[in-house]
Amino acid sequence: MDYSSSKLNLSPKSNDKEEYSSDPKAFEEYKPLISSLPRRKGWVLNQFYHYQGFWHNLFYLEGLLSAQEHFKPQPNDIFLSSVPKSGTTWLKALSFAIMTRSSFDASTNPLLTTTPHECVHSLEGDLAHNLFHRNLDTPLIGTHVPYTSLPKPVIDYGCKIIYICREPKDAFVSLWHFCCKASPKGVELSAREDLDFEEAFQLFCEGISVFGPYWDHVLGYWRASLEFPERILFLKYENLKNEPVFYVKEMAKFMGYPFSLEEETKGMIENIVDLCSFKNLSKLEVNKSGWLHGRPYLVEKNAFFRKGEIGDWKNYLKPMMVSRLDEITKHKFRSSDLTFNVSSDA
Ligand SMILES: Nc1ncnc2c1ncn2[C@@H]1O[C@H](COP(=O)(O)OS(=O)(=O)O)[C@@H](OP(=O)(O)O)[C@H]1O
């Protein structure tokens with residue numbers, strides 16, 4: 001099996017415009033709708049469009065519209081869903097390693113030579129921009145699409161979904177760093193307008209971030225997971241970080257690939273946790289250098305591996321910012337029993 005993205009023909013072209021799609025004609029039909037949507041200044045790309053209650057950049061919006069119209073899942077597909085910067089890369093790696101563990105040993109796993117984002121393609125990104133051609137060997141699909149915007153067959157077929165979320169202050173800090181490393185196509189990073197931290201913070205608080213409002217995205221999947229617990233597994237980055245073995249076991253059970261007693265005794269769960277750890281993945285050559293293709297902006301693969309810690313917000317947010325974000329989180333989640341440890345000492 002070749003998990004690289006080369007088959008997908010998603011390499012960035014040197015003349016890619018700032019807001020491009022892989023084949024502009026493929027999305028022509030969505031132009032009238034898109035041009036009628038409310039829009040705002042985005043973070044990396046110029047515009048965010050407001051669609052079905054969430055903010056999207058053009059590339060992913062076109063992908064989403066196409067997925068809503070054309071995408072047919074297989075009933076055994078498992079969707080790995082998240083708001084950006086909540087643990088997507090890690091979730092992809094873990095799910096891929098769980099699902100493929102009988103096909104590979106420690107020295108042959110594709111994760112050693114292929115990035116997690118190329119092992120598990122994204123619905124509104126890679127797949128939608130490549131007419132949904134996919135590798136059916138591993139029925140895993142990544143997505144940042146909000147629950148209420150998922151293509152209807154994903155819900156109707158009862159596809160399983162694993163959702164990961166992260167404490168919002170850490171998610172914001174991670175997103176800001178990532179956006180500083182991403183550059184619109186055709187624009188040198190050094191020539192790019194700086195992304196002002198305070199301005200990004202203000203936008204994030206107003207709900208204007210990619211696939212945001214952040215809180216609404218989390219709440220959508222949280223409520224759905226309470227309604228359909230057999231179909232949606234809701235994870236928090238912090239819990240996965242603190243108790244990886246427990247949660248990897250839960251994930252495998254949920255996915256329908258439970259660990260046998262023999263596998264557990266042999267330390268298979270620990271092996272997967274180690275393979276997919278930040279420490280291990282971030283030092284692999286494949287994740288250290290080169291560009292990740294198939295994105296609407298230019299970004300190096302190492303931008304997906306920064307620190308991988310809980311509580312890095314303490315190094316960036318002023319006290320006023322901390323209380324503002326904590327207040328928004330409390331307010332937004334007030335009618336749910338969803339909590340993050342929002343105290344400033346977390
Ligand atoms: N294996 C592993 N373990 C723990 N943490 C990890 C791992 N891989 C990536 N990361 C950290 O996750 C942050 C990136 O978030 P995402 O993967 O959701 O980004 S994306 O949505 O796919 O663009 C980003 O967090 P920050 O370090 O806080 O910026 C990454 O460093």
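Student: Which residues surround the ligand most closely, and which helix gives the most to the shell?

Tutor: The ligand is surrounded by 21 residues, and the closest are Lys85, Thr88, Thr89, Ser174 and Lys307. The helix α3 gives the most to this shell, with three residues, while α3 (88–99) and α14 (278–283) each supply at least two. By type, the shell divides into eight nonpolar, nine polar and four charged residues.

Student: Why is Lys85 called buried?

Tutor: Its relative accessibility is 14%, and because buried means under 20%, Lys85 counts as buried. Lys85 is found in the loop between β4 (78–82) and α3, and its phi is near 75°, a positive value in a residue other than glycine. Most residues other than glycine have a negative phi.

Student: How do you know that Phe132 is buried?

Tutor: The relative accessible area of Phe132 is 15%, which is again set against the limit of 20%, and so Phe132 is buried. Phe132 lies in the loop between α5 (123–127) and β5 (140–143), with a positive phi near 65°.

Student: What makes Glu167 count as buried, and which side chain does the side chain of Glu167 contact?

Tutor: At 5% relative accessibility, Glu167 falls under the 20% limit and therefore counts as buried. Its side chain makes a polar contact of 2.9 Å with the side chain of Lys169, and Glu167 itself sits in the loop between β6 (160–165) and α7 (168–181).

Student: Where is the pLDDT below 50, and how should such a stretch be read?

Tutor: The protein averages a pLDDT of 89, with 88% of the residues scoring at least 70. Over residues 4–21, however, the pLDDT is below 50, although this stretch has 41 contacts in the model beyond near neighbours in sequence. Residues 342–346 also stay under 50. Where pLDDT is low, the predicted coordinates should not be read in detail.

Notes:
Residues are numbered from 1 along each chain as its sequence is written. This is a predicted model: local features need pLDDT of at least 70, side-chain atom pairs count only at pLDDT 80 or more; totals for chains, interfaces and linings use all residues. Side-chain values use heavy atoms; hydrogens and water are left out. A residue is near a molecule or strand if one of its heavy atoms lies within 4 Å of it. Helices (H or I, at least four residues) and strands (E, at least two) are DSSP runs, numbered from the N terminus. Ala, Val, Leu, Ile, Met, Phe, Trp, Tyr, Cys and Pro count as nonpolar, Asp, Glu, Lys and Arg as charged, and the others, Gly among them, as polar. pLDDT is the predictor's confidence in each residue, from 0 to 100. Contact means heavy atoms within 4.5 Å. Buried means under 20% relative accessible area, exposed over 50%, partly exposed in between (1.4 Å probe, protein chains only). A polar contact is a pair of N or O atoms within 3.5 Å; within protein, one must be able to donate a hydrogen and the other to accept it, and residues adjacent in sequence count only if both atoms are side-chain atoms.
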